[in-house]
Amino acid sequence: MRIAVISDIHSNYMALENALCLIDSLHTDGIVFLGDYLTDFPYPQRTLYLLDECRAALPCWFVRGNREDYLLRHRRDSNDGWTYSSSSGSLLYTYENITQNDLDVFERMPISLEISFNVGVPSLTACHASPHDSKEWIMNRPALIDQYSRQINGSALLCGHTHRGGVVESNGKRIIFCPSVGLPQDHRSGAKILLLEPKRGVWRYQTLTVGFDKERMKLEFVRSGLLEKAGVWARCIIRSMYEECDYASRCVALAWRIAAAEHFDGDTVLPEEYWERAARELKII
């Protein structure tokens, strides 16, 4: 049995399409998707179309990520301050380019999923960040890893969210972190997926890498209007796409430090001037 694992697409439909072509050539028995399907890249509907094609072609398992939770919260409260800006423009662009039915599909996805196979094949537990929270960071946190390895039913726990790969052992279970296909942040070239196979009752994995046309994707940011609507954030994503590190988080943190040093006393929305100053310091603009 071969199971593919895909995490953190972030609307990068070009990387996803190439990854799915590779998976098809490997004759896998199904795909586990670990959430964060949308936001950050242009044309989210193209990613959703590819996911629908997967559902029709072979067994698929889906869990919900924190980005889907953000979109669902906005549906419940549209007065949350989202505007076309560096702070929330990417989220608002995504929300306005998907349907209510798409959001219903996300709403039905669980945070955590137990996956059983044929007799003799060990089960899996899948989640985006942790089995109880779509945003909780458990990588390099031994207490949480110990806690969740005791709680899950699967022989291995599959996690996304970190955009980096790795594996740890705890309480006789494996916690396998899946790197990102859409927005890798491990300083290693290429969009990444995992291929899992059970051997002697243990899930073994290998990391597979595909490329995509980054120059074409950069042009898509302009054509779609996302570059203008998401400001500095979009430029951080483009820079991260090329260098495969997390410029968005670095820019956010620096912008808040600049604002705090100047005694900014606003709410959670940072004025553009702080975003731009941070971006210039990081040589993003």
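Author: The turns below go through strands, aromatic rings and a helix.

Author: This is a predicted model, in which local features need pLDDT of at least 70 and side-chain atom pairs count only at pLDDT 80 or more, while totals for chains, interfaces and linings use all residues. Residues are numbered from 1 along each chain as its sequence is written, and side-chain values use heavy atoms, with hydrogens and water left out.

Reader: In which sense do S9 and S10 pair, and over how many bridges?

Author: Helices (H or I, at least four residues) and strands (E, at least two) are DSSP runs numbered from the N terminus, and two strands pair if DSSP finds at least two bridges between them. Strand S9 covers residues 191-199 and strand S10 covers residues 202-210, and glutamate 197 stands opposite arginine 204 in S10. The two strands form a hairpin with two residues between them, where arginine 200 in the turn has a positive phi of about 55 degrees.

Reader: Which residue in S9 stands opposite alanine 4?

Author: Strand S1 (residues 3-6) runs antiparallel to S9, and three bridges join them. Opposite alanine 4 in this pairing stands leucine 195.

Reader: What is the strand order of the open sheet of five strands, and which strands stand at its edges?

Author: The order is S4-S5-S6-S8-S7, with mixed pairing. Within it, S5 and strand S6 (residues 156-159) pair in the parallel sense over three bridges, and threonine 125 stands opposite leucine 157 in S6. Two strands have a single partner strand each, so one side of each is left without a neighbour in the sheet, and these edge strands are S4 and S7 (166-170).

Reader: Which strands does helix H6 touch?

Author: Contact means heavy atoms within 4.5 Å, and axes are lines fitted to C-alpha atoms, for helices over the stretch in contact, with angles from 0 to 180 degrees between N-to-C directions. Helix H6 (residues 142-151) packs on the sheet, and its direction makes about 70 degrees with that of S7. The strands touched by H6 are S6, S7 and S8 (173-177).

Reader: Why is the pair of tryptophan 61 and phenylalanine 117 called edge-to-face?

Author: Rings of Phe, Tyr and Trp (its six-membered ring) pair if their centres lie within 6.5 Å, and planes under 30 degrees apart count as stacked, over 60 as edge-to-face and the rest as tilted. By this rule there are 10 aromatic pairs. The centres of tryptophan 61 and phenylalanine 117 are 5.7 Å apart, and the pair is edge-to-face because the planes stand at 75 degrees.

Reader: How many residues apart in sequence are the parts tied together by phenylalanine 117 and tryptophan 203?

Author: This aromatic pair is tilted, with 5.6 Å centre to centre and 55 degrees between the planes. Both residues are buried, a word that means under 20% relative accessible area, against over 50% for exposed and in between for partly exposed (1.4 Å probe, protein chains only). Phenylalanine 117 lies in the loop between S4 and S5 and tryptophan 203 in strand S10, so the parts tied together are apart in sequence by 86 residues.

Reader: How many of the 11 residues of helix H3 are buried?

Author: The buried residues of H3 include Asn66, Tyr70 and His74, and they pack against helix H4 (89-96), helix H5 (100-108) and helix H8 (226-243). Helix H3 (residues 66-76) is largely enclosed by the rest of the structure, because its buried residues number eight.
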